[in-house]
Protein chains: 2
Amino acid sequence: MIIDRLMEKIDELKNPTVIGLDTRLDYLPDYILEKWGLISGKATMDNAAEAVLEFNKTIVDNIYDIVPAVKIQIACYEMLGLPGLSVFNRTVDYCRDKGLIVIGDAKRNDIGSTAREYARAFLGETQFGDLVLGRAFPVDFLTVNPYLGYDGVQPFIECCKKYNKGIFVLAKTSNASSCQIQDLKTQDERVFQAVARLIHEWGRELVGKNGYSCVGAVVGATYPEQARILRASMPHTFFLVPGYGAQGGKAEDIALCFDNQGRGAIVNASRSILCSYRADRWKDKFTSEEFGQAARAEALRMRDDITRYL
Amino acid sequence: MIIDRLMEKIDELKNPTVIGLDTRLDYLPDYILEKWGLISGKATMDNAAEAVLEFNKTIVDNIYDIVPAVKIQIACYEMLGLPGLSVFNRTVDYCRDKGLIVIGDAKRNDIGSTAREYARAFLGETQFGDLVLGRAFPVDFLTVNPYLGYDGVQPFIECCKKYNKGIFVLAKTSNASSCQIQDLKTQDERVFQAVARLIHEWGRELVGKNGYSCVGAVVGATYPEQARILRASMPHTFFLVPGYGAQGGKAEDIALCFDNQGRGAIVNASRSILCSYRADRWKDKFTSEEFGQAARAEALRMRDDITRYL
């Protein structure tokens, strides 16, 4: 199962982190912006997308041997229209060619008949009857929003079974206003706990040999108390943990997302890695042309920061 | 404001319905499937997308003068990859050229920094600094999932203000398992009611001259009791009502989504219109080549069915 492959890669590299290729144009160093006409004012969506691809490739070249996976935020590519989504796919291909597991961060959701189409687009194959037309945006894991309940999630789980894929369902997100709905108090718990119970149930059939399910949960690093509750209540649910670094999640808090063997979670950082060449810690050591090496240095620092608490 | 334009078009046409271009390949009549090689087995994503576009254009040609708007379900196009999303945009353009208001049904959601990119992709412009690169997937209204709370919705509202657009935020969805999270009982209400209060608040600043806000809500036609509660508690929130027709929502129940002047909501039907040429009611009157005329006949029947209860 894909979750076992992810866990084995984490063990092999001794690195439970994932780098988020949430590549925004203002993350790019000047020399790439200039090369693609984004400073001179002759910018197009095509050029902007190619600039993002060049940046991504350099990041991947510098981190593929030290991290097990990347998380690619599709919004950054959707904003660049069709050229952007072409670069999304070319980035996915580039990552998979380097042996990285790819998490598509798309937070898709809809009623069942429509969720099936999203599931096929990202986790399965596009078919007409028995005829396979191809794969639209193929990733290994996909993030999914649970607000519609089981029949909006079930088609994704079907594709996990059929195509050996995984999902991470939003339980408690890392943003400030996640409390507005997710922390609403029901009769004896919070909404995110009810959602967590559902995710735990939904994942039962897809538990791999390492004890975790291909149906995982997104649990923000910014809410340690909630993470502690969730870790205890979802023993076979693997966590994707956003919010480390730029969003303010601390390594000692993030440790609460892991089980007592130091497994069961993978921590994402995006901006703090992609823009590390501008950070106080690294900007005197690396030029902006060396943003890839800076990303590698920061990725190793993040790995060490997180693993020392496990 | 766009909500006033929508309401005025509804008044003008005396038709508070919207046709969902949730075009699935198995909705297409044989002659289109054959033309594009989808029966002979030489099918590609490109051909499939072109087949969908041909179908959509015929539907639009037959309904643009009797309905105010269309709702385009992006999952159907995402499943066909880049050719599919190209056809999404070409369908949007075709609809707008015919004067239709376009609702993009994408249910996008993420934390604020990422929600901003989705908002720009669908409702605004893609920019790098002050440089405008273009518009990715431009629609007039977009559906949005509220699970992340205000900071995941606020960027969409910003784009509504800046670009004269609107959103419909999921409150109570039409599917069977929507109860699992949306109907959870909090101390004195259900989750969907708490969400409704938030949507009502979020829309305050964008109320148009007809008394309704550009921040609307999705309220499924399949739950009349919930619709009644929500209509009373959200006096300036316009409803997008899915679930009529194939999903089982009845016109007499749907009337609960409207205010006592028969305004405040627009009702969607997709499959029952697109596939009307196969329905018992129409299949002896229209051939499959006349699917466009059948869609028009069913759209008029739907209009009359719904308006007689208002």
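In this predicted model, B:Val169 stands opposite B:Ala217 in strand S8 of chain B. The two strands involved, S7 (residues 166-172) and S8 (residues 215-219) of chain B, pair in the parallel sense over five bridges. Pairing requires at least two DSSP bridges between two strands. Local features need pLDDT of at least 70, side-chain atom pairs count only at pLDDT 80 or more, and totals for chains, interfaces and linings use all residues. Residues are numbered from 1 along each chain as its sequence is written, while chains are lettered from A and ligands numbered from 1 in the order in which they are written.

**Barrel of chain B**
- Eight strands form a closed barrel, in the order S1-S2-S3-S6-S7-S8-S9-S10, with parallel pairing.
- Neighbouring strands are turned by 30 degrees against each other on average, direction ignored.
- Helices (H or I, at least four residues) and strands (E, at least two) are DSSP runs, numbered from the N terminus.

**Helices on the sheet**
- Helix H1 (residues 2-13) of chain B lies across S2, S3, S6, S7 and S10 of chain B, and runs at about 125 degrees to S3(B).
- Helix H9 (residues 191-202) of chain B packs on the sheet and touches S7 and S8 of chain B. The direction of H9 makes about 160 degrees with that of S7(B).
- Axes are lines fitted to C-alpha atoms, for helices over the stretch in contact; angles run from 0 to 180 degrees between N-to-C directions.

**Helix H6 of chain B**
- Ten of the eleven residues of H6 (residues 112-122) are buried, so the helix is largely enclosed by the rest of the structure. Buried means 20 or more other C-beta atoms within 10 Å of the residue's own, with C-beta atoms placed from the backbone.
- Among the buried residues are B:Tyr118 and B:Phe122.
- Their packing partners include S2 and H4 of chain A, and S3 and H7 of chain B. Contact means C-beta atoms, placed from the backbone, within 7 Å.
- The axes of H6(B) and H7(B) come within 8 Å and cross at roughly 35 degrees.

**Two copies**
- A rotation of 180 degrees with 0.0 Å of shift along its axis superposes chain A on chain B (RMSD 0.0 Å). The copies are thus related as by a two-fold rotation axis.
- A:Thr186 comes closest to the axis of the residues of chain A, at 2.0 Å (C-alpha).
- The copies meet through the same surface, because 100% of the interface residues of chain A are also interface residues in chain B.

Note on methods. A residue is buried if 20 or more other C-beta atoms lie within 10 Å of its own, exposed if 12 or fewer, and partly exposed in between; C-beta atoms are placed from the backbone. Two residues are in contact if their C-beta atoms, placed from the backbone, lie within 7 Å. Copies are superposed by least squares on the C-alpha atoms of residues with pLDDT of at least 70 in both.
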